[in-house]
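I opened the model today to look up a sheet, a helix and one record entry. My notes follow in the order I made them.

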Amino acid sequence: MAIRWGICSAGKISNDFTVALKTLPPEQHQVVAVAARDLKRAQEFAQKHSIPRAYGSYDELAKDPEIDVVYVGTIHPRHLSVGALFMNAKKNILCEKPLAMNLKEVQEMIVTAKKNDVFLMEAVWTRFFPASVEISRLLSQKEVGEVKVVHADFGVPLMHVVRAVQKDLGGGALLDICIYCLQFVLMVFNGEKPECVQATGFCLDTGVDEAMIITLKFSGHRMAVCTCTIAAELPNEAIIVGTKGTIKIPAHMWCPTSLIVNGVETQYPVPEPSLPLNFINSTGMRYEAEEVRRCLLKGLKESSRMSHADSALLTEIMDEARRQVGVVYSQDSQ
């Protein structure tokens with residue numbers, strides 16, 4: 001049975017997600033409609049990706065009866081309102097990360113999903129890569145002993161990207177890229193809440209964070225350090241250090257295609273795209289799409305691998321890091 005997708009927003013990430021879906025069997029995944037706030041953009045997107053229907057408003061997409069799930073690829077500040085639009089129309093949604101701007105908004109989205117009895121998942125695509133699933137398996141079997149330290153960094157030059165530096169567009173290193181480092185740490189520690197969060201960093205004149213270092217202390221003398229910046233290229237690696245060995249995730253840790261376990265490297269390649277991509281390894285978004293299909297066929301309303309609780313904890317930590325560094329969005333006072 002094919003899951004029928006609607007694509008909300010005709011931007012770069014929606015392009016890549018649609019290309020990723022094309023690497024999956026058409027009898028399992030079909031894109032039936034796309035919506036943008038500009039009908040012409042939606043029509044161009046539809047023509048490029050051979051999508052049957054194009055809408056010039058999100059409302060029209062929400063009213064389409066032939067859609068099983070909507071992929072929300074809008075900018076961060078619109079996730080709450082757009083997500084509510086679809087969920088109140090009884091549509092399941094896969095919403096790009098961050099799920100919302102703060103914990104209050106995330107909790108509101110979860111409540112809306114439950115009220116409408118629909119599926120909701122934050123599109124933290126990293127969690128569903130084969131390499132990430134293998135990390136979880138290795139850790140569950142204590143292949144590197146007890147994990148003591150986790151380190152993850154993500155830095156890319158994004159200062160020229162308006163969306164990344166403007167506060168009203170939800171900019172800043174934390175929400176855009178450090179979220180990947182934090183979700184990685186929480187994946188390694190099985191969704192455990194840290195005992196302590198310490199963040200330091202600095203902001204641009206626009207009021208968003210240019211860089212942050214976040215230290216997380218967990219029970220049992222375990223620690224994690226996340227480093228992020230939108231001003232420079234970092235090694236973009238992650239490492240898990242246990243009492244019996246290490247798991248290293250080479251660049252690019254947010255879309256991993258190889259693992260080095262105790263010095264031995266294994267490759268986990270992603271499929272080749274049929275159309276040009278905007279971001280590296282974007283065909284790896286197919287794995288989160290497969291998880292959505294699996295959950296929908298089982299009648300599940302959330303994924304155990306990226307649950308509502310996982311999204312809430314991730315956001316709670318980001319809220320605290322922002323508080324310490326002094327990043328305040330308009331949504332925080334609403």
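This is a predicted model: local features need pLDDT of at least 70, side-chain atom pairs count only at pLDDT 80 or more; totals for chains, interfaces and linings use all residues.

Strand β1 covers residues 3-8 and strand β4 covers residues 69-72; they run parallel and are joined by 4 bridges. I noted a general point beside this: strands of a sheet pair through backbone hydrogen bonds, either parallel or antiparallel.

I then checked what packs on the sheet.

In what order do the strands of the open sheet lie? I read off β3-β2-β1-β4-β5-β6, which is 6 strands with parallel pairing. β3 (53-55) and β6 (120-123) each have a single partner strand, so one side of each is left without a neighbour in the sheet. On average, neighbouring strands are turned by 25° against each other, direction ignored.

In an unreviewed entry, UniProt lists residues 3-121 as "domain: Gfo/Idh/MocA-like oxidoreductase N-terminal". I found 43% helix and 23% strand over that stretch, with the end C-alpha atoms 15 Å apart.

Last, I turned to helix α8, residues 173-188. Its 16 residues reach 22 Å from the first C-alpha to the last, close to the 22 Å expected. I still found a kink of about 50° in α8, centred on Ile-179. Is α8 mostly covered or exposed? I counted 16 of its 16 residues as buried. Asn-190 follows α8 and has a positive phi, near 55°.

Terms used
Residues are numbered from 1 along each chain as its sequence is written. Side-chain values use heavy atoms; hydrogens and water are left out. UniProt positions are given in the numbering used here, feature names are shortened, and annotations may be inferred rather than shown by experiment. Helices (H or I, at least four residues) and strands (E, at least two) are DSSP runs, numbered from the N terminus. The expected span of a helix is 1.5 Å times one less than its number of residues. The bend at a residue is the angle between axes fitted to the seven residues ending there and the seven starting there. Buried means under 20% relative accessible area, exposed over 50%, partly exposed in between (1.4 Å probe, protein chains only). Two strands pair if DSSP finds at least two bridges between them. Axes are lines fitted to C-alpha atoms, for helices over the stretch in contact, and angles run from 0 to 180 degrees between N-to-C directions.
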